[in-house]
Amino acid sequence: MNYTVLNAQRQPLGPMPEFQVREFLQQGDISLDSLAWKPGMAAWEPLRAFSEFIDVPNQSAQPHNPYAPPQAAEYFPKGEGSLDMNASSKIRGAALTEEVLQRGYRVDILHCLSRGWDLVFCRDFWAIIGIHTLAWLTQLASSLLYVNIVVGGPMMGGLDLYFLKRIRGEEATLSTAYSGFNIAFVQLFVVVLVAGILTALGCLLLIIPGIYLGVAYSFARTLVIDRQLDFWDAMECSRKVISAHWFKFFGFVIVIGLCQFLGVLALIIGVFISMPICHAALMFAYEDIFHPRPNDTTENR
């Protein structure tokens, strides 16, 4: 079990194993009042609340930690998920990665596509098709004007959030699809740019590294707009989580590509239906992994 601990300057230490936490306690870098988190916890708590550190003597000589309870709630308001949103992106990204990998997850390609189909055809078909088509036309126009490198990330990030809100039963409108331009414009622009550059470099180096990264970064953009991670933390979280079942995700990418190709064959018009279905399917996979429901199973397939 690894722990992430905040020192008196609110800087993260870890994730690290128990023996290293004890070393920091002995050295005086942290105290029993220091806030800590480990996978499975709903919120940060002082180390004195952890039963495994009950034998550590109270360090009365240590300076008071200004972020210790009960004031801690003011500095770390609880956000969505198991980690407080005021923690740094690095802490949240590392903790989310560890939580997902320890919990485990499954990738059911056909089930994701089936739910994507139901979402499009059973929940306001014309609104979903219309908004996705408008977003696609926006990207097409930006490509013709040679500004897609700037527009692409925020536009696709907004679409990710649009489908996630639809999946979660929340209100999702046209403004949601374009929200990437005001929620996390810089981070979405940079994550797509850097991921694209690294993937291209990987393709130049024997091709296989590029294919690996292209698949592994599938959720980087989504993690930026949904979990408010910085671009590199989102890329690393996506890469490490997807690598646990990389070949299944590679199959997922191939199936999505085939579905969109079939849409093109269907008098071209079919692609305007196949694209939102595939986008929704990918977001269902994201939900299954990073935002599982209480009755979801963690059995790997």
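The largest nonpolar core of this predicted model has 58 residues, and those that touch the most other members are Phe163, Phe219, Leu223, Phe249, Phe252, Ile289 and Phe290. Helix α14 (residues 271-290) contributes the most to this core, with 11 residues. A second, separate core comprises 22 residues, including Tyr3, Leu6, Leu25 and Ala87. A nonpolar core is here a set of buried Ala, Val, Leu, Ile, Met, Phe, Trp, Tyr and Cys residues joined through side-chain atoms within 4.5 Å. Buried denotes a relative accessible area under 20%, exposed over 50%, and partly exposed in between (1.4 Å probe, protein chains only). In soluble globular proteins, nonpolar side chains tend to be buried together. Phenylalanine 252 is in contact (heavy atoms within 4.5 Å) with Val107, Ile109, Cys112, Ala281, Leu282 and Ala285, when neighbours within four places in sequence are left aside.

Residues are numbered from 1 along each chain as its sequence is written. As the model is predicted, local features need pLDDT of at least 70 and side-chain atom pairs count only at pLDDT 80 or more, whereas totals for chains, interfaces and linings use all residues; side-chain values use heavy atoms, with hydrogens and water left out.

The chain has 14 helices and four strands, taken as DSSP runs numbered from the N terminus (helices H or I, at least four residues; strands E, at least two). Of its 301 residues, 48% count as buried. Among contacts between residues at least 6 apart in sequence, 67% join residues at least 24 apart. The accessible surface of the chain is about 14700 Å², and 64% of this area belongs to carbon and sulfur atoms. Accessible areas were computed by the Shrake-Rupley method with a 1.4 Å probe, and for residues only the protein chains shown count as cover.

Of the 20 residues of α6, 16 are buried, so the helix is largely enclosed by the rest of the structure. Asparagine 148 lies in α6 and is partly exposed, with a relative accessible area of 28%. Beyond residues up to four places away in sequence, asparagine 148 touches Gln139, Ser142 and Ser143. The C-alpha atoms of asparagine 148 and threonine 138 are 9.2 Å apart, with the two residues 10 apart along the chain. Lysine 165, also found in α6, counts as partly exposed at 23% relative accessibility. With residues up to four places away in sequence not counted, lysine 165 touches Glu170, Glu171, Ala172 and Thr176. A distance of 10.0 Å separates the C-alpha atoms of lysine 165 and aspartate 226, which are 61 residues apart along the chain. Glycine 169, which follows α6, has a positive phi near 75°.

On the surface, Trp136, Leu137, Leu140, Leu144, Leu145 and Val147 form a nonpolar patch with about 560 Å² of accessible area together. Patches consist of residues with over 30% relative accessible area and no salt bridge, with like charges joined within 9 Å and nonpolar side chains (Val, Leu, Ile, Met, Phe, Trp, Tyr) within 5 Å. A salt bridge is a side-chain nitrogen of Lys or Arg within 4 Å of a carboxyl oxygen of Asp or Glu. Leucine 144 belongs to helix α5 (residues 125-144) and is exposed, at a relative accessible area of 64%.

In helix α10 (residues 208-216), the residues Gly210, Leu213, Val215 and Ala216 are buried. The cover over the buried residues of α10 includes α9 (185-204), α12 (231-243) and α13 (246-265).

Most residues other than glycine have a negative phi, and most peptide bonds are trans. Tyrosine 146, in the loop between α5 and α6, has a positive phi of about 60° although it is not a glycine, and counts as exposed at 75% relative accessibility. Aspartate 124, in the loop between α4 (109-122) and α5, has a positive phi of about 65° and is likewise not a glycine. Aspartate 124 counts as partly exposed, at 46% relative accessibility. The peptide bond from glycine 14 to proline 15 is cis, with omega near 5°, and proline 15 is found in strand β2 (residues 12-16).
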